[in-house]
Amino acid sequence: VNPWHEEEEGESGPATPPPPQRSALTAQLAALPADDLIEGAVVGGGAAGAGAQQQPRPASSSSSSAAAASSWSPRSALNEVVCGALMAALERSGQARAAVRVLDRARALGIAPNTVMHNTALAALGRVGRWREAEALFAGLSPPSRDAITHETMVAAYGLAGQADAAEAAVDALVAAGHGPPRDYAWVGLIAAHSVSGDWRAALGVRDRMAAAGARPTVHVFNALLAACERAAQWEAAVAVQAGMASAGVTGDALTARLLAAVGRGGVSAVEDQQFAAAALSAALAAAGGLIMRAGFF
């Protein structure tokens, strides 16, 4: 049993890793139904948080308070920032459908979802392997409303599902739209796409493509490369990746240490290593996209 999935299985994608460490507020938000959170934000003046006291609408005991009461509306209490924060909390906890439902609830309240909200919905769908739904959402967005993160998130969604051709096309679309060159998020997505589709050589070849593009691999890229080696049981290639990481002066993180430990075991348990490699690829993608997504949000 995979406790990291939602109730329904993803579409041909690998098991997703446990969500990253979350703040207490994020954990509380993620534990509540999205509809309750939205209603709480409306009634509470935008304070979308678990345990927040519901604030009454302004009283009409004075002319100023009466004016405030008459001007109160859900739209003034709930805005794109609040909706985006709610979606981010749900996405990080793996509640893809709940995150996407916020889009419809926002529209019902007269709020037009912005690019950040759409990007978060795409990330949520990709996280649980629902690349076809992400693809449909992306197709419904007008080109001006797609930024670099939108394109990179689609690469990631295809990557986790092992849709290598679609991931390559998404990178081409990113560049054609003027959002290139690709960043970590897209590169790691490509590595994942080729690894999950069974072509470990193409996955490792992404590093050469990065060098040709003048992009410097980060720890997220190296982690994805190591995970691709682990997935294909290519231990010598993994050692070469580690050497390249050292020569590039890139410091590893906790995921790197776990991957190197798995490589050192040399595939003692093929099933466990496959599951770990899939989770590691997803974790590398989440880490690469996390900072970018948060930068877009704030």
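User: How many disulfides does a search of the whole structure find?
Analyst: A disulfide is a covalent bond between the sulfur atoms of two cysteines. The test here is a pair of cysteine sulfur atoms within 2.5 Å. Searching the whole structure, the number of disulfides is zero.

User: Is Cys 83 buried or exposed?
Analyst: Buried means under 20% relative accessible area, exposed means over 50%, and partly exposed is in between (1.4 Å probe, protein chains only). Cys 83 has a relative accessible area of 1%, so the class is buried. Cys 229, at 1% relative accessibility, also counts as buried.

User: What is the average pLDDT of the protein?
Analyst: This is a predicted model; local features need pLDDT of at least 70, side-chain atom pairs count only at pLDDT 80 or more, and totals for chains, interfaces and linings use all residues. Residues are numbered from 1 along each chain as its sequence is written, and side-chain values use heavy atoms, with hydrogens and water left out. pLDDT is the predictor's confidence in each residue, from 0 to 100. A score of at least 70 is reached by 68% of the residues, and the average is 77.

User: Which helix has the highest confidence?
Analyst: Helices (H or I, at least four residues) are DSSP runs, numbered from the N terminus. Confidence is lowest in helix H3 (residues 63-71), with a mean of 47. At 97, the highest value belongs to helix H10 (residues 164-176).

User: How many contacts does the stretch of residues 41-75 have beyond near neighbours in sequence?
Analyst: Contact means heavy atoms within 4.5 Å. The pLDDT is below 50 over residues 41-75. Beyond near neighbours in sequence, the model gives this stretch a contact count of 44.

User: With which side chain does the side chain of Glu 168 make a polar contact?
Analyst: Glu 168 is in helix H10 and is buried, because its relative accessible area is 18%. Not counting residues up to four places away in sequence, Glu 168 touches Leu 190, His 194 and Arg 209. A polar contact is a pair of N or O atoms within 3.5 Å, one able to donate a hydrogen and the other to accept it; residues adjacent in sequence count only if both atoms are side-chain atoms. At 2.8 Å, the partner is His 194.

User: Which residue lies over the face of Phe 138?
Analyst: A charge sits over a ring if NZ of Lys or CZ of Arg is within 6 Å of the ring centre and within 35 degrees of the ring normal. At 4.2 Å from the ring centre of Phe 138, the residue is Arg 146.

Technical notes: Helix = DSSP H or I, 4+ residues; strand = E, 2+ residues; numbered from the N terminus.
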